[in-house]
Amino acid sequence: MLRIALAGNPNSGKTTLFNALTGSTAHVGNWPGVTVDKREGVCKKGSVPMAVVDLPGIYSLSPYTPEEMIARNFLLEEKPDCVINIADATNLERNLYLTTQLLEMDVPVVVALNMTDVLQKRGDKADAEKLSAALGVPVVCISALKEEGIRDLVQAAYKAAQTKRAGTSVLAQSPLAHLIDDITIALRGKGVAHPLFHAVKLAEGDEPEVKAHPQEMQTVEAFKKKCADGFEGDYEALIADARYGYITQHFSAAVSRSERSEKLSASDKADRILTHRVWGIPIFLVILFALFHLTFAEDLFYLNAIFKIGFDVETGNSVLDSFVAVFFSSAGVAAPGVILFNLMGFVCTLAGNGIASGVSAAGAADWAQGLVNDGIWAGVSGVLSFIPQILFLFLLLSILEDSGYMARVAFILDRAFRKFGLSGRAFIPMIMGFGCSVPAAINTRTLADEKERIMTNRVIPFFTCGAKAPILAAVCGAIAAQYAGINADLLVFALYLFGMAMAVLTVAIMRQTTMKGEVAPFIMELPSYHLPQLRSLMVHLWDKLKHYIKKAFTVIVASSVVIWFLSNFSWNWQMTEIQNSILHDIGAFVQWLCTPMGFGSQLGKFGWVFVVAAVTGLIAKENVISTFYVLAPAIGALIPGWDDGESGIGPVVALMQATGITWQALIAFTVFNMLTIPCFAAAATVRGETPKGKFRYTLAFWMLTSYLTATAVYLVLTWWWTVFILLLLAALFAAYVALRNRAKSCPCGR
Amino acid sequence: MQFLLLSATGTIVTVVIAVLAVGLVAFGIGYQIWCKKKGKSSCGCDCSSCGGCCHSHKKEKK
């Protein structure tokens, strides 16, 4: 089977083209650096099937970043039959820099001019024939997003792959032309593949080439001694200059620009506001809050708080009342996310009642009924009921990502947090952490600085992922239900921000202690804003849904059965009361550890409940919720239902009431879960991305940070006025000491 | 007779539930091990965002 490689600059549309060619649903993001590894698929759009390899986005074939290494090694070692070089037609000159390097390889190249639809919209024109004549390889105009020109491209690639092609260089006019020719001849004589490419890289002083061809390097050194140039021997810069010179001279004529494109684009105008030096971050916070408000608010736009419009509808029919309460209650009009959550809770309650009566009617033993109702179904439905709400949050986040705004977030945060030791590049995997820590940790491969990579991997779990979101939703919803004046949406928003603030704070501390070093410069091409594509959004949501469903029916269901068993059986394998159960004994044994955080011994006989929930969360964070839902009936908590005005968070409210846990301790519990060791999958991925021997420090970092922070949060929230007075006294004392020292050091003696 | 039939049904349902519970736990654990061995994606979900890559894959070295 013919093998085609897709190579191009970051965010030029390679993965979109890959999806169009292969029918795959690989993750596409409107920011550079989404793909960090190569992936393979089969294209059946041509006359014969062809294997297509999507390479990470690269600006050059120099081995500076892991992506460049992956792409270069693949092209040199795996010898594809043809390379499709995707060039963003809206930024042609910069994209052609990579093209000039690909042309130096002995491989057929086809240039795909992508985003020509955007170009036309601007009133500009790309002349594929003119460019093809200048480059000496076929050029095809396409729009990967709209799947236009794909068949022509496949045909061109198939045709090109049938014939061999020798590398060509655009450096014939450069001062190094003779040197490159000499080395090319020498390498060809030795039978080295891609001699021209290696010769140019050798002249650039490329590290792997210098090691591989020491004899030819002597020729370069001798040439350097003989010839003086304006680049002080920096041939890499000289060659780059020669490439850009050639591109400007020969290729820029292929694109004719209209007067319209010289003006500021809509993206540029939007960026003047959204990435404003002062307003950028406040606007980001407002957008983020709007997301949480639409997802978690029980009182949409605070209409009830302002106009007092909420009331409980009572028709006399409990099912109808419950259904109306899905949309409207005494709290006001529910936000779309809450409506989805309520609907799912309503369905889960009906399904649960059906299962319970079915198992009972079948005459199953009491323990079997308990296992099904309070074990398997309680655990699974606990997680399932949050899925629509969390999916809604992800839909909103995906819209931000696909529109191109998330790339701006990295840019505006870079400006603010650089002084704390964090670069905007590191924020890209962190923002990905809102979805799942696993791909976020993989994305850290794009960070060149090892220290920055280690720090980023450590703080990625602080960005609340989709699995932790149900914990926040449940806990904040329960607190809001129990305490008047607290809004669930504000609380969730505050906790998300707290996670981000902790990431910045801990990085700042690491930068001052164990990870001292310079912050890497951040250069990122800001993609143009565009309307999110429905297909792309659906792929994001399908991923999340698949993730939850798979987890719910594998890890969660298995854990629920185990938790139910351990909470209903004693050490001598007899069914027993919860106080004599295995789970109680295990939890009680370690509950003292959680006392400083507010959810240990102070809860008396229920001190072990939240300890067990936190421990099960180490397997998968959704387990915290399923544990709540299994343990609530097990400890005899009276679960409020729809009739009591509680939706799917009933078991959490019941646990609060039964155990007597305070809201401060619940917040500390949530903070502990947000910051502690992530799930096994994420921890394993971080381990894989961390240099050998360093992962144990990362584990210690997670445990210490979560424990100390949760303790501090509990203490501050519980005795905030005491802490405030102590802090005030400490500040006064520090000021006094500082003034005294200053007075002592004053040369005048006053 | 009806009582005996109901009792037998109850016993069968109970046994089925017990077997199902054990099966679910075995499947849950087995699935995780299978995913780990397969190495397609570290959490077993093989989401598109993982890009088909996994922590178990060898990283490219400079």
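N11(A) sits in the loop that runs between β1 and α1 of chain A. The phi angle of N11(A) is near 60 degrees, a positive value in a residue other than glycine. N11(A) is also buried, with 25 other C-beta atoms within 10 Å. The cut-offs go like this: a residue is buried if 20 or more other C-beta atoms lie within 10 Å of its own, exposed if 12 or fewer, and partly exposed in between, with C-beta atoms placed from the backbone.

A quick word on the source: this is a predicted model, where local features need pLDDT of at least 70 and side-chain atom pairs count only at pLDDT 80 or more, while totals for chains, interfaces and linings use all residues. Residues are numbered from 1 along each chain as its sequence is written, and chains are lettered from A and ligands numbered from 1 in the order in which they are written.

K79(A) is in the loop between α2 (66-77) and β4 of chain A. K79(A) has a positive phi too, about 45 degrees, although it is not a glycine. It's partly exposed, with 14 other C-beta atoms within 10 Å.

Then there's T25(A), in the loop between α1 and β2 of chain A. T25(A) is partly exposed, with 16 other C-beta atoms within 10 Å.

Now for the strands. Six of them form an open sheet in chain A, in the order β2-β3-β1-β4-β5-β7, and the pairing is mixed. Two strands pair if DSSP finds at least two bridges between them. β2 and β7 (139-141) of chain A stand at the edges, each with a single partner strand, so one side of each has no neighbour in the sheet. On average, neighbouring strands of this sheet are turned by 25 degrees against each other, direction ignored.

Helices pack on this sheet as well. Helix α1 (residues 14-22) of chain A touches β1 (2-8), β2, β3, β4 (82-88) and β5 (109-114) of chain A, and its direction makes about 160 degrees with that of β3(A). Helix α3 (residues 92-102) of chain A touches β1, β4 and β5 of chain A, and its direction makes about 165 degrees with that of β4(A). For these angles, axes are lines fitted to C-alpha atoms (for helices, over the stretch in contact), and angles run from 0 to 180 degrees between N-to-C directions.

## A hairpin at one end

Let's zoom in on β2 and β3. Strand β2 (residues 39-43) and strand β3 (residues 50-54) of chain A pair in the antiparallel sense over five bridges. A hairpin joins β2(A) to β3(A) through six residues. Who faces whom? V42(A) stands opposite A51(A) in β3(A), and C43(A) has M50(A) of β3(A) as its bridge partner.

## Helices that cross

The axes of helix α23 (residues 469-482) and helix α24 (residues 488-512) of chain A come within 8 Å and cross at roughly 135 degrees. That makes α23(A) oblique to α24(A); angles under 35 degrees count as roughly parallel, over 145 as roughly antiparallel, 65 to 115 as roughly perpendicular and the rest as oblique. Contact means that the C-beta atoms of two residues, placed from the backbone, lie within 7 Å. The residues of this contact between α23(A) and α24(A) divide into nine nonpolar, one polar and no charged. Ala, Val, Leu, Ile, Met, Phe, Trp, Tyr, Cys and Pro count as nonpolar, Asp, Glu, Lys and Arg as charged, and the others, Gly among them, as polar.

## The chains overall

Chain A comes to 33 helices and ten strands, and 52% of its 750 residues count as buried. Chain B has one helix and zero strands, and 32% of its 62 residues count as buried.

Definitions and conventions:
Helices (H or I, at least four residues) and strands (E, at least two) are DSSP runs, numbered from the N terminus.
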